[in-house]
Amino acid sequence: MNIYAIGQNLLIGKVGHFLVILSFVAALAACLAYFFATTYRNDLSKSLPWKQFGRKAFVIHAVAVLGIIISLLTIIHGHYFEYKYVWEHTSKSLPWYYQFSSMWSGQEGSTLLWMFWHAVLGCVLVFTAKNWESPVLSIVALAQVLLGSMLLGIILFHYKFGSSPFALVRDTMDIPVFKMNPEWVAEDGTGLNPSLQNYWMVIHPPTLFLGFAGCTIPAAYAIASLWVRNFTDWVKPALTWSLFTLMILGAGILLGGAWAYEALSFGGFWAWDPVENASLVPWLVLAAGIHTLMAYKHTGYSLHATYVLFISTFLLVLYSSFLTKSGVLGDASVHSFTDLGMSGQLVVIILAFLLPSVYLFIDRTFIKKLIPSKPEEEKLSSREFWLFIGSLIFVFSAIHIIVLTSFPVINKIFGSKIAPPSDIKSHYNNVQIWMAAIVAIGSAITQFFKYKHSDVKKVILSLLPAFVLSIALTIVVVIPYKLYRLDYVLMVFSAWFALLANVQYIFKGLKGKIKIAGGSVSHIGFAIMIIGILISQGRQEVLSVNQFGIDYGQGFSEQEIAENVLLYQNEPTKMGKYRVTYLGDSVTAQNIYFNVRYEELDKKGNVRKAFTLHPNILMNNKMGNTPVPSTLKTITSDLYTHITSAPLKEDGTPADSLVENTYTISVGDTIPASRCMVVLESINPDAHIHDFKMLPNDIAIGARLKFIAIDTTYNIEPIYLVREVVATSIPAKVDKHDVSFSLIKILPEENKLQFLVQQKLNKFIIMKAIRFPFINVLWLGCLVMTVGVFMSMMRRKKENTTA
């Protein structure tokens, strides 16, 4: 193939594809080199050359991965639409920052992002892992080999391995134009998915995939520990890495929640979307593993559980990738990709780590019985016992979520038709509320216990002040916000109890030494987050109530009809304590902004304050238009406004709407029309038509209508004219209201007349508005929890440095 084909920029793609192959080969070389270095670890003369070669190979691999990213960004920024990835995910109108984020909007790019973070963390391990470098890096390099195979895009033995981001449109799509002109290039691309055109998506995926990559490191230490039969020295570095991963993965999940809250119109920050769930589950299992590792570090208990949890965390990340990339979720998630035919390869990647890990664990635990364990059980009065119980709750929570999320996988494997609960969100909430409450109570109690043995009576007395005060504060929250459900009451109590008990522990148990209080700070953040979740979600208020029961037609469920309001331009509508007016719109190259003015009224109807929100529609003719909410953020609440529907012209600009309806009525009946009422008062068999010459044999029948509007009343008369054998309808118009009435049929047997009502309506929007009270409490809790984990990580890192 000519790499200098006229009209196409093929050289950079060739360079990129070469770097993909180089990164794969270098990762394979590093994996093998580190494997042999580990195998000969007791013979320095043999292991050292292999280790040195492994380092060089891994650095070459890391440089190659960086080169792939630079090559991909080059073709994206250069608008080289001859490449399928660029054509599918970008367009010329895309801003530069979204061009950057489009790199990870497809399967190939997200895999590359994952590999990049693996390469970065691997390079850190090269310089910091010391004696653990060879076994740990061999596992990290194996992960890179398997992920790198997802980018090869080559066919071996009649099977395609991976999908290359540098594949050409002409080589992957059967388009007739290529038969006539093989060098043809599209003038523009399809564009980035509109729902991804949000600033959170510039930072959410990199953070999330750094967390995914981080999950590999504790698992690599655990597998390496089993491999080399060193069951103690891995604990300190693994603890630091696991805390780092917990912080980053948690931050990535929360950033995704912020994106969903602002961009996806979920009506909240978490919708229990299957892909969201798949990222949450590894975090839960990792948190459980950290708690069992702490127990082992101080007492020697829970080592077996720690191995299982850390390795499972990594396997669940791989399973999450399978769910997202295999297409098995179909339309169940807005985050999932379509199937590129690599499901089998994804399964092989999971098995490549699952099978050796299971073998090593069974061999070291049951066959050779090498993993140290305590002969006696933990005492009920010990901290390690309650740490283990808390870890079990995390695991139960994760199992509940992953089983429901895996229904599509189960159905595909067994050919079953298991359906999730009809109201899946409520089902998740009803179960997970109890889990969260138990974890919060556990975080309040556990730290007051000492390792190995505690005086239970002393623990109870220490917790009594926080317990009593928590009951009082629970009443203060429950009654004003009407949170009378038992699980809500328990959740509020558990949050206050966790917050107060951990504050008490910092100042009493730790003597105010905030530098070593990372665990307590993270528990306090979790408690604050629970309070924020419960108030903001449990007491969210839908302001846009459809008070008149207007049916918006097909495409609207009963709930959507009830929770959306119709606003005509410049016609104020009462909505809760607000008077809301749709002022009009403004159109840009890609967006239609709808200007919605809110006026907050006091009890006397006077305007207390006013503001304007700008919900908009992001236009995309190829992928469909996407509504983008607008939110007023205050300290005490968020007011979330989102366009559900708006009539648009063919050119995408807002349109006036002509509505036609047919009514068959009798004398005395009413014809409904927008903002008016029309009554058929009588039939006039001898009607006269103004400014119209009647012939002797003409028959003119009039319908005397009373048109009743808010400001006035009109008497109008549409006429049904028969001349010879031809019938004609002569409409009666009310110009002020842009409405006309035509008598189109007379039904003498039924004593009824049939009318055609044509009304030109002003511009209008159908809008939803929700108020989330105290949602900033939620974000504050997330921040405090992240800071707490960071403090713990830095403390453990310092301990490792000084040890």
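You are looking at a predicted model, where local features need pLDDT of at least 70, side-chain atom pairs count only at pLDDT 80 or more, and totals for chains, interfaces and linings use all residues. Residues are numbered from 1 along each chain as its sequence is written, and side-chain values use heavy atoms, with hydrogens and water left out.

Now show the surface around α10: 26 of its 29 residues are buried (under 20% relative accessible area, with exposed over 50% and partly exposed in between, for a 1.4 Å probe and protein chains only).

Next, select 486–509 for helix α18, where 17 of the 24 residues are buried, so the rest of the structure largely encloses it. Step on to Lys511, in the loop between α18 and α19. Its phi is positive, near 60°, in a residue other than glycine, and at 64% relative accessibility Lys511 counts as exposed.

Then select 518–538 and 775–802 together: helices α19 and α21 pack at about 165°, their axes 7 Å apart. They are therefore roughly antiparallel (an angle over 145 degrees). Their contact holds 16 nonpolar residues, nine polar and no charged (Asp, Glu, Lys and Arg count as charged; Ala, Val, Leu, Ile, Met, Phe, Trp, Tyr, Cys and Pro as nonpolar; the others, Gly among them, as polar).

Finish at Phe774, in the loop between β23 and α21. Phe774 has a positive phi of about 55° and is partly exposed, at 29% relative accessible area.

Methods. Helices (H or I, at least four residues) and strands (E, at least two) are DSSP runs, numbered from the N terminus. Axes are lines fitted to C-alpha atoms, for helices over the stretch in contact, and angles run from 0 to 180 degrees between N-to-C directions. Angles under 35 degrees count as roughly parallel, over 145 as roughly antiparallel, 65 to 115 as roughly perpendicular and the rest as oblique.
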